[in-house]
Amino acid sequence: MKYLFLLFLPLFYIGSTTKKSAIVATTDSTIRNGNWSNPSVWSSNEVPNGGLKNVIISRNTTIMIDTTVSVNTVLVRQGAVVMWGINKGLNGVYLDYRADSVSNSSLYMFGYNCQNTYPPPSYTLKTSCTKVIKEEVQITDRVVKNGYWSSIQTFNTNAIPNSTSRNVYVSGFARLKIDTSVVVNRLLSYEAYISWTKGASLNGINFQNYNVY
């Protein structure tokens with residue numbers, strides 16, 4: 001029995017110290033002004049995109065969101081500037097969303113499907129185009145008065161949107177202050193005045209005393 005114990009002791013020791021390598025989130029910081037899609041803007045020399053990326057927009061740098069991207073968290077330092085490109089989103093936030101049509105319940109983006117034909121008798125080129133809906137976003141919540149996100153009076157639903165099933169629309173020139181930490185599917189606005197308070201976040205985006213116009 002003595003020798004049997006010594007035989008299995010090394011195997012037990014090896015098994016107790018073997019661990020699976022953990023997947024660790026990485027942090028990318030801006031090192032110069034530029035477009036989000038430009039690798040040279042980032043400390044990692046890679047474009048951040050994915051649920052394991054934490055992003056810091058460094059002080060005194062300006063970043064243009066020129067692509068639709070999603071990361072884990074975004075911390076915008078005081079003195080940094082983030083600009084949204086037309087219909088480009090960061091973590092589901094679209095601050096320059098220009099829909100072709102807006103109804104009480106939906107936003108519509110239209111496009112055209114075109115087909116070239118050569119009909120007889122001339123067989124000359126004829127192009128026929130049909131207007132089609134390229135994207136429809138169902139609006140679940142609207143900002144109906146200037147105010148704070150944490151106030152139910154701010155929204156038409158008399159409730160605070162905080163769910164990945166919510167699509168929030170802010171009409172032009174409305175003022176909305178994000179003063180709590182919430183998650184939605186999309187925040188869509190055009191020419192609205194959006195601002196964050198200290199410590200508040202929307203879809204993991206946190207501005208340090210910075211207003212977005």
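Predicted model: local features only at pLDDT ≥ 70, side-chain atom pairs only at ≥ 80, totals over all residues.

Mentor: The structure holds five aromatic pairs. In the one made by Trp-36 and Trp-42, the ring centres are 4.8 Å apart and the planes sit at 65°, so the pair is edge-to-face. Another of the pairs, Trp-149 with Phe-155, is edge-to-face too, at 5.4 Å centre to centre and 70° between the planes. Both Trp-149 and Phe-155 are buried.

Rings also meet charges here. Lys-131 has its charged end over the ring of Phe-110, 4.5 Å from the ring centre. Arg-175 does this with Tyr-193, its charged end sitting 4.3 Å from the centre of that ring.

Next, the sulfur. A search of the whole structure turns up one disulfide, and it joins Cys-114 to Cys-129 with an S to S distance of 2.0 Å. As a reminder, a disulfide is a covalent bond between the sulfur atoms of two cysteines. The torsion about this S-S bond is about 110°, so the disulfide is right-handed. Cys-114 lies in strand E9 (residues 106–117) and Cys-129 in strand E10 (residues 126–138), so the bond ties together parts that are 15 residues apart in sequence. At 43% relative accessibility, Cys-129 counts as partly exposed.

Stay with the loop between E9 and E10, where you'll find Pro-121 and Leu-125. The peptide bond from Pro-120 to Pro-121 is cis, with omega near 5°. Leu-125, together with Tyr-118 and Tyr-123, makes a nonpolar surface patch of about 380 Å².

While we're on backbone angles, most residues other than glycine have a negative phi, and most peptide bonds are trans. Asn-60 has a positive phi, near 65°, and it sits in the loop between strand E3 (50–57) and strand E4 (62–65). Asn-91 also has a positive phi, near 55°, in the loop between strand E6 (81–84) and strand E7 (93–94).

Last stop, the salt bridges, of which a whole-structure search finds four. Among them is Arg-98 with Asp-96, where the closest N and O atoms are 2.9 Å apart. Arg-98 is partly exposed at 37% relative accessible area, while Asp-96 is buried at 13%.

Glu-135 and Arg-186 form another, again with the closest N and O atoms 2.9 Å apart. Glu-135 is in strand E10 and Arg-186 in strand E16 (residues 184–189), so this bridge ties together parts that are 51 residues apart in sequence. Glu-135 counts as partly exposed at 26% relative accessibility, and Arg-186 is buried at 18%; buried means under 20%.

Then there's Arg-166 with Asp-141, 2.9 Å from N to O. Arg-166 lies in strand E13 (residues 163–170) and Asp-141 in strand E11 (residues 141–142), so these side chains tie together parts that are 25 residues apart in sequence. Here Arg-166 is partly exposed at 24% relative accessibility, and Asp-141 counts as buried at 2%.

Terms used. Residues numbered from 1 in each chain as written. Heavy atoms only, no water. Phe/Tyr/Trp six-rings, centres within 6.5 Å; stacked < 30°, edge-to-face > 60°. Buried < 20%, exposed > 50% of the residue type's maximum accessible area, 1.4 Å probe, protein only. Lys NZ or Arg CZ within 6 Å of the ring centre and 35° of its normal. Disulfide = S-S within 2.5 Å. Helix = DSSP H or I, 4+ residues; strand = E, 2+ residues; numbered from the N terminus. Patch = residues over 30% accessible without salt bridge, like charges linked within 9 Å, V, L, I, M, F, W, Y side chains within 5 Å. Areas by Shrake-Rupley, 256 points an atom, 1.4 Å probe, with all protein chains shown as cover. Salt bridge = Lys/Arg side-chain N within 4 Å of Asp/Glu carboxyl O.
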